[in-house]
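Thank you all for making the time this morning.

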Amino acid sequence: MTTISTSTSAFYERSSMDIADLRARAEGLQSDLSRGQRIARSSDDPVGASRLRQLQRADSTSQIDVANAAKASTNLQLTDSALGSFADYITRIQELTTQAANGTMTDAERAGLGAEIGQIRNNMIQLANSRDVEGGALFGGQSAGDAYTVDAAGNVTYVGTGTAGDLPLGDGQNVTRGITGPDFLTLPPGSASPDLLTALKTLSDALQAGGSAAQQAARDGLAALSQGMEQVTTAQTVVGSRLAWVDLTTERRTNLTEMRASEETDVGGTDIASTVARLQETMTVLEASQASFTKLASLSLFSLLN
Amino acid sequence: MASDLLSIGRSGAQAARIALDVTAQNIANASTDGYVRRSAKLAEVSSSGGIGTIGDVSLSGVRLDSVVRNADLFRQAEVRRTGADAARADAEVAGLENVQAAVEQSNVYSSMVGFEGSLQQLVGDPTSSSLRANVIESARTMVGTFNIASSALDAVGTGLRFEATDAITQVNTLSGELARVNLRLARAADASSDQTALLDQRDSLLQQLSAFTDISTTINSDSTVELRIGGASGPLMVQGGSAGTLGMTTAGDGTITFTVSGMAAGPVAASLTGGSLAGKAQALTKLAAVHAQLDTLAQSMADTVNAAQAAGITPANASGQPLFGGGPPMTAANMTLALTDGAGIATAPAGAGANSRDASNLNALRTALSSADPVGGMDALLFDISGTVQGRTVTRDALRTIANGAKVSLQAQAGVDLDQEAVNLVRFQQAFQASGKVMQTAKDIFDTLLAIR
């Protein structure tokens, strides 16, 4: 007995459900486009959202690594320039000692040279006590104050810690943030003096005391100086290679950051081209169903029966 | 001859009038919710001949047999069943989405990453007072977000329980109404238009009830309904003119259970598997689990940091004091920041001396944190919630489609088709006119007889 196989309310119900569904889909695509992000809440894509969280965690860690690497780099450059100055001082003392070793020198002249060496030694002590960017001792390891103390007689004692400590550069990589005074001022075993500063004090004192021992002291001093010079240049090489290591990790970090950024876009970003295409498709279907709904809804027997 | 042409015509006209009334009623209620299309069922009135009058023609016209309600019991039951499932999934997803928002939007995760980062930054210069202050402030933010997440979860739980209480009130009201409809149905005459309206009301009440809880119905021969909730073996809720009372019990962790009282001696536990009440109960169970996990993470974070603090010394060469306080037992809600001065952070190992830049203890703390990994735990918790929400959303969408399909299918069968009603209007109008013509003919015949002279 049914003329059309469905009831009026069923027709309207179905049409409104279909059109509402299409509208919701179009709005979802539109909001994806306007935010540029595919994931508004974690539940949109739990795996993707978790990956994004991990990437953002790695990103924020990496930014701190950048700051740490810059700090390490600055400290190492400070160390490098201080070591350069040490080398210059040693060269100057070598010149003076070579003069003092000359047999034609008088005691007074040697005493003058000894005094100058003493002054240069004081400069070297000052340099050894210089500070890093954080205000700590540059050559004092992890101690807060000076690396060396000087007693009334002019003898120096190292008061810093044994190692300089490591700074993390990310991904489990570390760099030693500097070198300690004993690392480059200690003379090799078997030398007459334990370290360069003591050797210079012995030299300076002997030259100022004069006498026959002075010339011999100058000769001994030359040997100690060349050993000291070797230690300083070795230390410079170490510092240089650490700087290169920091640069290498920085480059690696930059690459990783780029990779993370591209992965973040892949995981969480909206694919503009495909989203626009899908939006267009949805809009076409929506318009078509709206048009066909209007046509069907205007079909009524009442308007035809008179 | 027992037939009467005029009264046959009159009965035909009357039947056509009734059919037109039914059609008009259908058109008027074309978009009424819960209205089931009626149709007039007509029956011939005639009698066979009696003794001595065999062969007599005895026609007496037509009468209204009954007003038929075109309801399909199976489709109605399907609408209730699928509707209850969809309502359960809807309520559960809505609750879980709120749980997700509470944890995610409190930014616990990013503040935990921030705290971790501030510790990493402190390694670069362990004695710097500004970096130490940064650690304290990051810790303060983290404690704050833990507190916020906890109170947001509590608020979600309170909201869910409030809605459940309201739903229970509605279920009780609807059940009481259903019991009254049962009483009136038992008294109403069969096939009267009064009964069809009551049946509409009965079905509409059942459908409304099915949005709150899964129901199992038995329709008796007198059209009254016997209602059980929580499945076919669940407790009896409505029987004849008496209705039970649904009650809710809240456990200590905020989860809810239901009982029916009034129908049997003492309350009977009801395990609901459908309807919004079941959905809310499920969401509350998940919420309790998430809350417990959040508390565990807060405790793990605090214990790890406090243990490392106790092992080291501050720049003032004092042993480290706990950074976080609260409890016991410590929860995300009562977690506090116990240390407010950056100078109290124990970065150096015991014995390193005052103002030491030795960061061994800080590194030990970071190692302990990365092995206990509360940040990873928080990520896993967020993943757990969002994965659950996503899975349930898929289920909900499927159940919704099924429920919509059942609804449309019921409406297609029981709803009013205006085109068909238009045809009926024309048909019954013609029938009315034809019956009028019959009466006209009867009059003409009578006139013809009178005209005989």
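Let me begin with A:Val150, which is partly exposed, because 15 other C-beta atoms lie within 10 Å, and please keep in mind throughout that what we are looking at is a predicted model. A:Val150 lies in strand 1 of chain A, which covers residues 148-150. If we leave aside the neighbours within four places in sequence, A:Val150 is in contact with A:Ile125 and A:Val156. The C-alpha atoms of A:Val150 and A:Asn122 are separated by 9.7 Å, and these two residues are 28 residues apart along the chain.

In soluble globular proteins, nonpolar side chains tend to be buried together. Here the largest nonpolar core has 141 residues, and those with the most contacts inside it are A:Leu207, B:Val99, B:Val103, B:Leu178, B:Leu294 and B:Ala298. Helix 4 of chain B, residues 129-187, provides the largest share of this core, with 17 residues. What is A:Leu207 in contact with, once we leave aside its neighbours within four places in sequence? Its partners include A:Ala100, A:Arg110, A:Leu113 and A:Ile117, and also A:Ala214, A:Ala217 and A:Ala218.

Next, the place where the two chains meet. In this model, 38 residues of chain A are in contact with 42 residues of chain B. On the side of chain A that touches chain B, at least two residues each are supplied by helix 1 (8-35), helix 2 (46-101), strand 3 (166-170) and helix 8 (301-304) of chain A, and helix 2 of chain A gives the most, with 12 residues. Sorted by class, that side of chain A has 13 nonpolar, 18 polar and seven charged residues.

Finally, I would like to show you a pair of helices within chain B. Helix 2 of chain B (residues 73-105) packs against helix 8 of chain B (residues 374-414) at an angle of about 155°, and their axes are 7 Å apart. Because of that angle, helix 2 of chain B is roughly antiparallel to helix 8 of chain B. The crossing of helix 2 of chain B past helix 8 of chain B is left-handed, and the contact between these helices has, by class, 16 nonpolar, 10 polar and 11 charged residues.

Definitions and conventions
Residues numbered from 1 in each chain as written. Chains lettered and ligands numbered in written order. Predicted model: local features only at pLDDT ≥ 70, side-chain atom pairs only at ≥ 80, totals over all residues. Axes fitted to C-alpha atoms, helices over the stretch in contact; angles between N-to-C directions. Helix = DSSP H or I, 4+ residues; strand = E, 2+ residues; numbered from the N terminus. Parallel < 35°, antiparallel > 145°, perpendicular 65-115°, else oblique. Left-handed = near helix turned anticlockwise from the far one by under 90°. Nonpolar A, V, L, I, M, F, W, Y, C, P; charged D, E, K, R; others polar. Contact = placed C-beta atoms within 7 Å. Core = buried A, V, L, I, M, F, W, Y, C linked by C-beta atoms within 7 Å. Buried ≥ 20, exposed ≤ 12 C-beta atoms within 10 Å, placed from the backbone.
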